[in-house]
Amino acid sequence: CSQKFHHFDSSSQYNLTEAHSLARNLSALVSYEPESVVERDCLQQNNGSDCGIYLLKNAELVENHHKSNGDLTKLAKLDRQTVLSARQELKNLILSLAK
């Protein structure tokens with residue numbers, strides 16, 4: 001069985017070093033050495049402040065795809081409108097909780 005960590009980074013490879021470090025730490029917990037950290041193609045953010053919403057939406061995309069397909073092959077990219085909508089929904093939620 002191929003043991004790989006999949007890295008989705010909306011800031012190109014900005015966090016690749018951290019991804020390798022996390023893979024090493026997680027490998028100890030699951031008792032195997034990863035074959036590799038696979039840099040996955042994903043929608044790129046166009047500013048320095050949306051990384052959180054991209055992380056949340058990519059995690060949701062991966063979870064839903066994996067539940068349906070059992071693996072990560074043929075995983076579609078997020079579309080920008082999905083991220084923009086989620087950003088607005090999260091903003092609205094925060095504002096409603098602040099009342």
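Helices (H or I, at least four residues) and strands (E, at least two) are taken as DSSP runs and numbered from the N terminus. The structure described here is a predicted model, in which local features need pLDDT of at least 70 and side-chain atom pairs count only at pLDDT 80 or more, whereas totals for chains, interfaces and linings use all residues. Residues are numbered from 1 along each chain as its sequence is written, and side-chain values use heavy atoms, with hydrogens and water left out.

The secondary structure of the protein comprises 3 helices and 2 strands, arranged along the sequence in the pattern β-α-β-α-α. Taken along the principal axes, the box filled by the C-alpha atoms is roughly 50 × 30 × 25 Å. Of the 99 residues in the protein, 24% are buried; here buried means under 20% relative accessible area, exposed means over 50%, and partly exposed lies in between (1.4 Å probe, protein chains only). The protein exposes about 7,100 Å², of which carbon and sulfur atoms supply 54%. Accessible areas were computed by the Shrake-Rupley method with a 1.4 Å probe, and for residues only the protein chains shown count as cover. Among contacts (heavy atoms within 4.5 Å) between residues at least 6 apart in sequence, 64% join residues at least 24 apart.

The open space of the model was examined next. Rolling a probe the size of a water molecule over the atoms shows where empty space is left. A pocket is defined on a 1 Å grid over the protein atoms alone, as an open set of points where a 1.4 Å probe fits, with protein on both sides within 12 Å along at least five of seven lines; lining residues have an atom within 4 Å of a point. The largest pocket has a volume of about 480 Å³, the volume being the space filled by probe spheres set on the points, with grid points joined across faces, edges and corners. It is lined by 23 residues, of which His 7, Phe 8, Asp 9, Ala 19 and Leu 55 are the closest to its centre. Strand 1 (4-8), helix 1 (16-30) and helix 2 (51-69) are the elements that give two or more residues to this lining, and helix 2 provides the largest share, with 6 residues. By residue class, the lining divides into 13 nonpolar, 8 polar and 2 charged residues. In this classification Ala, Val, Leu, Ile, Met, Phe, Trp, Tyr, Cys and Pro count as nonpolar, Asp, Glu, Lys and Arg as charged, and the others, Gly among them, as polar.

Individual positions were then considered. Lys 57 is located in helix 2 and counts as buried, at 16% relative accessibility. Apart from neighbours within four places in sequence, Lys 57 is in contact with Leu 78, Thr 82 and Ala 86. Its C-alpha atom is separated by 9.7 Å from that of Arg 87, 30 residues apart along the chain. Leu 75, in the loop between helix 2 and helix 3 (80-97), is likewise buried, with a relative accessibility of 16%. When residues up to four places away in sequence are not counted, Leu 75 touches Phe 8, Arg 40, Leu 61, Val 62 and His 65.

Leu 26 belongs to helix 1 and is partly exposed, at 32% relative accessible area. Leu 26 and Gln 88, 62 residues apart in sequence, are 33 Å apart in space, C-alpha to C-alpha. Two loop residues were also examined. Ser 12 lies in the loop between strand 1 and helix 1, is partly exposed at 44% relative accessibility, and has a positive phi, near 60 degrees, although it is a residue other than glycine. Asn 46, in the loop between strand 2 (36-40) and helix 2, is exposed at 62% relative accessibility. The C-alpha atom of Asn 46 is separated by 8.4 Å from that of Ser 11, 35 residues apart along the chain.

A disulfide is a covalent bond between the sulfur atoms of two cysteines. With the criterion of a pair of cysteine sulfur atoms within 2.5 Å, the structure holds 0 disulfides. The cysteine sulfur closest to that of Cys 42 is in Cys 51, at 12 Å, and is therefore too far for a bond. Cys 42 is buried, at 3% relative accessibility, whereas Cys 51 is partly exposed, with a relative accessible area of 44%.
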